[in-house]
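Here is a short briefing on one protein model. Look at the structure first, then read the points below.

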Amino acid sequence: MDTLVRVMYVEDDPDIRDIAFMALEDVGGLTVKICESGEQALREAGEFAPQMFLLDVMMPGMDGPSTLLELKRQGYISESIAVAFMTAKVHPEEVARYKEIGATDVIAKPFDPMTLADDVRGIWKTFHG
């Protein structure tokens, strides 16, 4: 199993983007590419080549599930790339739906900035376990 290094985080809220970037890169030591929309993620996924996508569920325009499906359709998500949704909507039926369309796991919002990178690495390890 490779070590997780590159994470693409797609989130429309600038405050949450800033906190997640600090939590993942400054605290967690990961290389993070922040995108403010699903459309931007589709434009930049090929060049950045993330090992894992973190997708906000509710975004204007292209929401998280639509972004995931389009990333898969365009070949940016393979069997070695993990995907986690970050959302306040973590009822079991919603989590089951996210996993049904290809998510590895779900991280509940609000998240703890001090443990977010560990949570992401835990999902990565489970995915590659």
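**A sheet and a helix**

Thr-87 stands opposite Ala-108 in strand S5. This is a predicted model. Strand S4 (residues 82-87) and S5 pair in the parallel sense, over four bridges.

- S4 and S5 belong to an open sheet of five strands, with the order S2-S1-S3-S4-S5 and parallel pairing.
- S2 and S5 (105-108) stand at the edges with a single partner strand each, so one side of each has no neighbour in the sheet.
- From one strand to the next, the twist averages 20°.

**Helix H1: length and ends**

- Helix H1 covers residues 14-27, which is 14 residues.
- At 1.5 Å a residue, H1 should span 20 Å; its end C-alpha atoms are 18 Å apart, which agrees.
- Asp-13 caps the N-terminal end of H1. A side-chain oxygen of Asp-13 lies 2.8 Å from the backbone nitrogen of Asp-15.
- Just after H1, Gly-29 takes a positive phi of about 75°.

- Which residues of H1 are buried? They are Arg-17, Ala-20, Ala-23 and Leu-24.
- Seen down the axis of H1, these buried residues fall within an arc of 135°, so they line one face of the helix.
- An α-helix has 3.6 residues a turn, so residues three or four places apart point the same way.
- Asp-15 and Asp-26 are exposed on the other side of H1.
- The cover over the buried residues of H1 includes strands S1 (6-10), S2 (31-35) and S3 (52-56). Helix H5 (116-128) is also part of that cover.

Key
Residues numbered from 1 in each chain as written. Predicted model: local features only at pLDDT ≥ 70, side-chain atom pairs only at ≥ 80, totals over all residues. Heavy atoms only, no water. Helix = DSSP H or I, 4+ residues; strand = E, 2+ residues; numbered from the N terminus. Expected span 1.5 Å × (residues − 1). Buried < 20%, exposed > 50% of the residue type's maximum accessible area, 1.4 Å probe, protein only. Arc of directions from axis to C-beta. Contact = heavy atoms within 4.5 Å. Polar contact = N/O pair within 3.5 Å; in protein donor to acceptor, adjacent residues only side chain to side chain. Pairing = 2+ DSSP bridges. Axes fitted to C-alpha atoms, helices over the stretch in contact; angles between N-to-C directions.
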